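Hi,

Here is the structure I promised to pass on.

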Amino acid sequence: MSAAFGEWALLDSEVVPVQNIMQKYNWTQTALHHHLLGETPKILFLHWSVTGNANDLINQAKEIMMQTSTYDDQAPRAPTSAGP
């Protein structure tokens, strides 16, 4: 049994699809908030916790991440500390 907790930084339009997959696998949403007013695009932070088999959790996390625009068909970029 493994435990994990963290947060997703999501565009407003990604929140519900991510919540749906989290709900499918019984991940617990512990908070949903934003930091800045009037930012464009709006970024929301969805905090979560989950327990289960580590390999299952990794596969579930991958399915959750597939709900985000990170996986749009874009040219590969080298990540930096300032973001993509």
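How many bridges join E2 to E3? Five, and the two strands run antiparallel. Before the rest, some housekeeping. This is a predicted model, where local features need pLDDT of at least 70 and side-chain atom pairs count only at pLDDT 80 or more, while totals for chains, interfaces and linings use all residues. Residues are numbered from 1 along each chain as its sequence is written, and side-chain values use heavy atoms, with hydrogens and water left out.

**Strands**

Helices (H or I, at least four residues) and strands (E, at least two) are DSSP runs, numbered from the N terminus. Two strands pair if DSSP finds at least two bridges between them. E3 also pairs with E1: 10 bridges join them, again antiparallel. To get your bearings, Ala4 stands opposite Val50 in E3, and Ala31 has His47 in E3 as its bridge partner.

I use "buried" for under 20% relative accessible area, "exposed" for over 50%, and "partly exposed" for in between (1.4 Å probe, protein chains only). In H1 (residues 15-24), the buried residues are Val15, Val18, Ile21 and Met22. Seen down the helix axis they fall within an arc of 135 degrees, so they line one face of H1; the arc is that of the directions from the axis to the C-beta atoms. As a reminder, an α-helix has 3.6 residues a turn, so residues three or four places apart point the same way. On the other side of H1, Gln23 and Lys24 are exposed. The cover over the buried residues includes strands E1 (2-11), E2 (28-33) and E3 (43-52), along with H2. Just after H1, Asn26 takes a positive phi of about 65 degrees.

Contact here means heavy atoms within 4.5 Å. Not counting residues up to four places away in sequence, Val18 touches Trp8, Leu10, Leu46, Ile64, Gln67 and Thr68.

**Around Thr68**

Thr68 sits in the segment after helix H2 (54-65) and counts as buried because its relative accessibility is 13%. A polar atom of its side chain lies 2.7 Å from the backbone oxygen of Met65. Beyond four places in sequence, Thr68 is in contact with Leu10, Glu14 and Val18.

Glu14, in the loop between E1 and H1, is buried too, with a relative accessible area of 6%. With neighbours within four places set aside, Glu14 is in contact with Gln67, Thr68 and Ser69.

**Salt bridge**

Searching the whole structure turns up one salt bridge, meaning a side-chain nitrogen of Lys or Arg within 4 Å of a carboxyl oxygen of Asp or Glu. The side chains involved are those of Glu63 and Lys24, at 2.9 Å, N to O. The pair links distant parts of the chain, with Glu63 in helix H2 and Lys24 in helix H1, 39 residues apart. Glu63 is partly exposed at 25% relative accessible area, whereas Lys24 counts as exposed at 51%.

Cheers

Note on methods
Polar contact = N/O pair within 3.5 Å; in protein donor to acceptor, adjacent residues only side chain to side chain.
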